[in-house]
Amino acid sequence: MEPNYTDDPELLAGISGKLTPEGHVLKARVYFADTDFTGVVYHARYLEFLERGRSDFLRLAGVHHTELADGKHGEPLAWVVRRMEIDFRQPARVDDILTVVTRIAEISGARIRMHQQLLRGSELLVEAKVEAAIIGAGGKPRRFPKEWIPAFLAP
């Protein structure tokens with residue numbers, strides 16, 4: 001009989017990072033597939049690390065992409081990144097352990113502004129300002145459900 005690891009709490013612990021008084025923190029390892037021919041993380045891969053931080057923050061705050069798509073809040077909804085500003089300060093390399101830090105800067109109507117950092121230890125590698133929005137199935141902006149705001153602002 002094959003062991004069932006699906007709900008193993010030891011394996012699941014830490015997979016989505018953790019909520020902190022400031023926002024969310026997630027650990028991620030840099031794999032060979034994340035790097036380019038020079039041996040450093042390819043610039044587009046940093047976007048994926050940042051996305052994991054935002055997605056896991058939402059999940060732990062109680063906002064699930066699948067529930068949005070299924071119309072749990074009245075109609076199918078989706079997150080879209082509207083704007084992103086990124087400063088690449090130092091490169092990450094294969095086997096580095098990164099910390100993805102996500103903080104909410106502002107929530108207004110259908111938009112949320114987040115500040116994110118990628119750290120190697122205490123060294124700042126990447127800093128990003130991200131503006132995301134909620135849209136309905138037709139692509140029009142939708143206001144955030146009121147119950148989300150406390151979850152985002154007080155983890």
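Modeller: Below we go through the fold, the sheet, an aromatic pair and some salt bridges.

Modeller: Keep in mind that this is a predicted model.

Colleague: Fine. How many helices and strands are there in the protein chain?

Modeller: The protein chain has 4 helices and 6 strands. Along the sequence they follow the pattern α-β-β-α-α-β-β-β-β-α.

Colleague: And what does the C-alpha trace span along its principal axes?

Modeller: The trace spans about 50 × 45 × 30 Å. Of the 155 residues, 35% count as buried. The chain exposes about 9400 Å², and carbon and sulfur atoms supply 54% of that area.

Colleague: In what order do the strands sit in the sheet?

Modeller: The order is 1-2-4-5-6-3, in an open sheet with antiparallel pairing. Strand 1 (18–20) and strand 3 are the edge strands, and each pairs on one side only. On average, neighbouring strands are turned by 25° against each other, direction ignored.

Colleague: Pick one pairing. How many bridges join strand 2 and strand 4?

Modeller: Strand 2 (residues 23–29) and strand 4 (residues 97–108) pair over 6 bridges, in the antiparallel sense. If you want a place to look, R29 stands opposite I97 in strand 4.

Colleague: Which strands does helix 2 lie across?

Modeller: Helix 2 (residues 43–60) lies across strand 1, strand 2, strand 3, strand 4, strand 5 (111–120) and strand 6. The helix runs at about 135° to strand 2.

Colleague: New topic. How many aromatic pairs does a search of the whole structure find?

Modeller: The search finds 2. One of them is W79 with F144: the ring centres are 5.5 Å apart and the planes are at 50°, so the pair is tilted.

Colleague: Is W79 buried or exposed? And F144, buried or exposed?

Modeller: W79 counts as buried, at 17% relative accessibility. F144 also counts as buried, at 6%.

Colleague: Now charges. How many salt bridges are found in the whole structure?

Modeller: The search gives 15 salt bridges. In one of them, the side chains of R82 and E131 meet at 2.9 Å, N to O. R82 is in strand 3 and E131 in strand 6, 49 residues apart.

Colleague: How accessible are R82 and E131?

Modeller: R82 is partly exposed at 49% relative accessibility, whereas E131 is buried with a relative accessible area of 8%.

Colleague: Which residue does R120 form a salt bridge with?

Modeller: The partner is D96, with the closest N and O atoms 2.7 Å apart. R120 lies in strand 5 and D96 in the loop between strand 3 and strand 4, 24 residues apart. R120 is partly exposed at 23% relative accessibility, and D96 is buried, with a relative accessible area of 15%.

Definitions and conventions
Residues numbered from 1 in each chain as written. Predicted model: local features only at pLDDT ≥ 70, side-chain atom pairs only at ≥ 80, totals over all residues. Heavy atoms only, no water. Phe/Tyr/Trp six-rings, centres within 6.5 Å; stacked < 30°, edge-to-face > 60°. Buried < 20%, exposed > 50% of the residue type's maximum accessible area, 1.4 Å probe, protein only. Pairing = 2+ DSSP bridges. Helix = DSSP H or I, 4+ residues; strand = E, 2+ residues; numbered from the N terminus. Axes fitted to C-alpha atoms, helices over the stretch in contact; angles between N-to-C directions. Contact = heavy atoms within 4.5 Å. Areas by Shrake-Rupley, 256 points an atom, 1.4 Å probe, with all protein chains shown as cover. Salt bridge = Lys/Arg side-chain N within 4 Å of Asp/Glu carboxyl O.
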